[in-house]
Amino acid sequence: MESFEELNINRQLLNALADLGFEKPTPIQEEAYPVGMSGQNIVGIAQTGTGKTLAYMLPILHQLKYSKDYKPRVIILVPTRELVVQVVEQIELFTKYMSTRVLGVYGGVNIKTQMGALTQGQDIVVGTPGRLYDLAVNRSLLLQDVKKLVIDEVDVMLDLGFRFQLNNIFELLPDKRQNIMFSATMTEDVEILINENFIKPEFIAIALSGTPLDNIYQSCYPVANFYTKVNLLGHLLQDKETYQKILIFIDSKKNADRLYEAMEPDFWNELLVIHSNKSQNNRMAAIERFNDNNARILIATDVIARGLDLDDITHVINFDTPKFPENYMHRIGRTGRAEKMGHSILFYTEGEEDWKKEIEKMMEYDIPQLEFPNEVKVSKQLTLDEQPRIIEKNPHKKKTHIAGPSFHDKKDKNKKDYNLGGGQKIKIKKAKKYKNPISRGQKPKGKEK
Ligand code: AMP
């Protein structure tokens, strides 16, 4: 699309966008606009920098009629106070030629001022879930006229533990409303939230534009289980000359801690771990040590790593295989920056193989496979998640269900493209054509073996 005019949005908006110097919609804006206008629920997978704020605001602002009513019609929930301020600022710019009333509310400041501002009447309220809920409970914020609910950065919000507040807010909102949700990463928690609250959402995703895939040597190893992955990782990381600055991605806080514990005996003085249960100070200190090259190895969860500014990563290690291909793209995009070749290594178990295939399908590229080194010990130890499950059919007859170490469920779930929201598939719009596949035999450079 060559200009915003093609979207048929109103003149006031067009003029405001022209003043901002925006020439044409970004891919996520183009994709989200018709769905937003249709009134359907939306789940957008996009990170900051893609123009996602305008993507959800354009259809909302185009449809928002002038009103004198004091009850807001649009609620936007974001995880942090900084983001409230940013989103309010952006909306004020977009509505420069409209008479739209926008208010930001967040905790840590006097609630009375915000209560006063609400009684004057607002069209759009942007807020963090805790404060917004408090205002709704004390009835300074009346939610019964809300037609649109936007939840931005849902992954971060859930990671910070806002699930409870979100559910509380849902309870107070009218059932008949449009839900628009944006998340940079897909996590199990996000998936649950969608399935529990969103009826038939339309999924929109944008492949990361400009991901320098050409700058990354990708490879993968088939590995039996968690503790064998630990052994393989330990084996690889002994080569300090090759593995100079390593970012290890892992799916959950629990597994991040488990991996840290397992690696600590051998790598204690060069190993760091960060996730959202660590204090802000602890996280900042870890990042500083890593960026100053005082520690070689950083373990991080997908959600926490998203906003980090990390330099010169030589290797990204995918300790697990992401269920959602976008997460893999985000992960490997952390290496191979600024003209430097990066390396990405993926560990996958039998149960994760289908997810690896999904990633390869999305990239149109088969990740070259490396042979599992003979000298690495295959562990028989299984994590609790990997252990065969006992299915109790009746209390007198216990039956052990063995389907490969615990992978049965995940594998079945993943047979479809994206098993979300009643079998909806995420539409992926490619912002960039990826590199052609190279043959499987072709080895990446470097000393991965
Ligand atoms: P966001 O992903 O919403 O954080 O937006 C990232 C940045 O892109 C913000 O500074 C926006 O003002 C800017 N932006 C959003 N849409 C466009 C557009 N269509 N053209 C140029 N810049 C844009």
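What follows is a walk through the packing, the charged pairs and the rings.

A word on the ground rules: this is a predicted model, so local features need pLDDT of at least 70, side-chain atom pairs count only at pLDDT 80 or more, and totals for chains, interfaces and linings use all residues. Residues are numbered from 1 along each chain as its sequence is written, and side-chain values use heavy atoms, with hydrogens and water left out.

## The nonpolar cores

Let's start inside. A nonpolar core here is a set of buried Ala, Val, Leu, Ile, Met, Phe, Trp, Tyr and Cys residues joined through side-chain atoms within 4.5 Å. Buried means under 20% relative accessible area, exposed means over 50%, and partly exposed is in between (1.4 Å probe, protein chains only). The largest core has 39 residues, and the members that touch the most others are Ile9, Met57, Leu58, Ile76, Ile124 and Val126.

Which elements give two or more residues to this core? They are α1 (11-20), α2 (27-38), α3, β2 (74-77), α4 (81-94), β4 (124-127), β6 and β7. These labels come from DSSP runs numbered from the N terminus: helices are H or I with at least four residues, strands are E with at least two. Helix α3 gives the largest share, seven residues. Take Met57: leaving aside residues up to four places away in sequence, Met57 touches Ile76, Ile91, Phe94 and Ile124, where contact means heavy atoms within 4.5 Å. Apart from this core lies another, of 34 residues, including Val43, Ala117, Ile151 and Leu166.

Thr100 is buried, with a relative accessible area of 16%. Not counting residues up to four places away in sequence, Thr100 touches Leu64, Thr95, Asp123 and Ile124.

## Helix α9 and its buried side

Next stop, helix α9 (residues 188-197), where Val190, Glu191, Leu193 and Ile194 are buried. Looking down the axis, the buried residues of α9 fall within an arc of 160°, so they line one face of the helix; the arc is that of the directions from the helix axis to the C-beta atoms. What lies over them? The cover for the buried residues of α9 includes β1 (42-45), α7 (154-159), α8 (163-172), β6 and β7 (202-206).

## Salt bridges

Now for the charges. A salt bridge is a side-chain nitrogen of Lys or Arg within 4 Å of a carboxyl oxygen of Asp or Glu, and by this rule the count comes to 20. Here are some of them.

| Salt bridge | N to O distance |
|---|---|
| Asp152 and Lys52 | 3.0 Å |
| Glu153 and Lys52 | 3.6 Å |
| Glu191 and Lys323 | 3.1 Å |

Lys52, Asp152 and Glu153 are linked in a network of salt bridges. Asp152 sits in the loop between β5 (148-151) and α7, while Lys52 is in helix α3, 100 residues apart. Glu153 lies in that loop between β5 and α7 too, so its pairing with Lys52 in helix α3 ties together parts that are 101 residues apart in sequence. Are these residues buried or exposed? Asp152 is buried at 1% relative accessible area, Lys52 is buried at 5%, and Glu153 is buried as well.

Glu191 belongs to helix α9, and its partner Lys323 lies in the loop between β12 (315-318) and α14 (325-332), 132 residues apart. Glu191 counts as buried at 5% relative accessibility, and Lys323 is buried with a relative accessible area of 12%.

Last, the aromatics. Rings of Phe, Tyr and Trp (its six-membered ring) pair if their centres lie within 6.5 Å; planes under 30 degrees apart count as stacked, over 60 as edge-to-face and the rest as tilted. Searching the whole structure turns up five aromatic pairs. One of them is Tyr56 with Phe182, a tilted pair at 5.7 Å centre to centre and 50° between the planes. Tyr56 lies in helix α3 (residues 52-63) and Phe182 in strand β6 (residues 178-183), so the pair ties together parts that are 126 residues apart in sequence. Tyr56 is buried, with a relative accessible area of 1%, and Phe182 counts as buried at 1% relative accessibility.

Elsewhere, Tyr221, Phe226, Tyr227, Phe319 and Phe347 form one aromatic cluster.

Some rings have a charge over the face, which here takes NZ of Lys or CZ of Arg within 6 Å of the ring centre and within 35 degrees of the ring normal. Lys245 lies over Phe290, at 5.1 Å from the ring centre, and Lys356 lies over Tyr348, at 4.9 Å.
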